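Here is my note on the model you sent. Keep the sequence and the 3D view open while you read.

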Amino acid sequence: MFEKILLPVDFTEKNARAVEAALELGAGRNLEVTLLHIIETLDLPFEELEDFYQKLHEQAATELDRLAEPLSQAGAKVVQHIEYGRRVPEIVGYAQENAIDLIILSSRRLNLEEPPEGLASISHQVAILAQTPVLLVK
């Protein structure tokens with residue numbers, strides 16, 4: 001059913017659960033997993049911060065390699081992609097432009113006794129805006 005999975009990652013510990021979910025869904029099948037990292041840009045000319053962004057890009061490439069390893073070992077075709085911009089529109093746009101079958105996102109656990117003022121986390125925004133099925137993993 002799901003052959004092209006998009007895993008947006010921010011390199012926090014919770015990403016491991018999303019990788020595990022992709023492995024479980026793709027077990028024994030022809031699976032392509034895209035690891036997508038968005039480097040959030042500041043409202044300054046890109047050229048002024050090019051060295052800063054380059055350092056972030058290099059760090060992201062190293063982390064993507066680390067996350068790709070278990071997926072590759074399980075037989076998945078892994079695509080690594082780094083974008084610059086705002087996370088939600090970049091994730092939603094990437095999924096639409098690349099015919100992604102499923103987006104798997106890590107989602108934070110909320111304390112129901114003390115809910116945050118805004119429940120619109122990145123994962124929830126993507127779940128609402130994406131035209132693709134979304135699996136939120138807690």
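Predicted model: local features only at pLDDT ≥ 70, side-chain atom pairs only at ≥ 80, totals over all residues.

1. **Overall layout.** The protein has 4 helices and 5 strands. The protein has 138 residues, and 37% of them are buried. Now take the contacts between residues at least 6 apart in sequence. Of these, 76% join residues at least 24 apart.

2. **Helices α1 and α2.** Two packed helices are described by the angle between their axes and the distance between the axes. Helix α1 covers residues 15-26, and helix α2 covers residues 50-73. Their axes are 10 Å apart, and the packing angle is about 20 degrees. Angles under 35 degrees count as roughly parallel, so α1 is roughly parallel to α2. The crossing of this pair is right-handed. On the α1 side the contact uses V19, A22 and L23; on the α2 side it uses L67, P70 and L71. By class, the contact of α1 with α2 holds 6 nonpolar residues, with no polar and no charged ones.

3. **Helices α3 and α4.** Helix α3 spans residues 87-97, and helix α4 spans residues 122-129. Here the axes are 10 Å apart, with an angle of about 40 degrees. That angle makes α3 oblique to α4. The crossing of α3 and α4 is right-handed. From α3 come R87, V88, I91 and V92; from α4 come I122, Q125, V126 and L129. What classes do the residues of this contact divide into? The contact of α3 with α4 has 6 nonpolar residues, 1 polar and 1 charged.

4. **N15.** This residue sits in helix α1. Is N15 buried or exposed? N15 has 2% relative accessibility, so it counts as buried. Leaving out residues up to four places away in sequence, N15 touches P8, V9, D10 and S106. With S106 there is also a polar contact: the side chains of N15 and S106 are joined at 3.3 Å.

5. **Q80.** Look next at strand β3, residues 77-85, where Q80 is found. Q80 is partly exposed, because its relative accessible area is 34%. Which residues does Q80 touch, not counting those up to four places away in sequence? They are L35, A61, L64, D65 and A68. The side chain of Q80 makes a polar contact of 3.3 Å with the side chain of D65. Q80 and L7 are 73 residues apart in sequence, yet their C-alpha atoms are 9.8 Å apart in space.

6. **Two backbone angles to inspect.** Most residues other than glycine have a negative phi. F11 is not a glycine, but its phi is positive, at about 70 degrees. F11 lies in the loop between β1 (4-8) and α1. A99 is not a glycine either, and its phi is positive, at about 50 degrees. Find A99 in the loop between α3 and β4 (102-106). A99 counts as exposed because its relative accessible area is 54%.

How values were computed:
Residues numbered from 1 in each chain as written. Heavy atoms only, no water. Axes fitted to C-alpha atoms, helices over the stretch in contact; angles between N-to-C directions. Helix = DSSP H or I, 4+ residues; strand = E, 2+ residues; numbered from the N terminus. Parallel < 35°, antiparallel > 145°, perpendicular 65-115°, else oblique. Left-handed = near helix turned anticlockwise from the far one by under 90°. Contact = heavy atoms within 4.5 Å. Nonpolar A, V, L, I, M, F, W, Y, C, P; charged D, E, K, R; others polar. Buried < 20%, exposed > 50% of the residue type's maximum accessible area, 1.4 Å probe, protein only. Polar contact = N/O pair within 3.5 Å; in protein donor to acceptor, adjacent residues only side chain to side chain.
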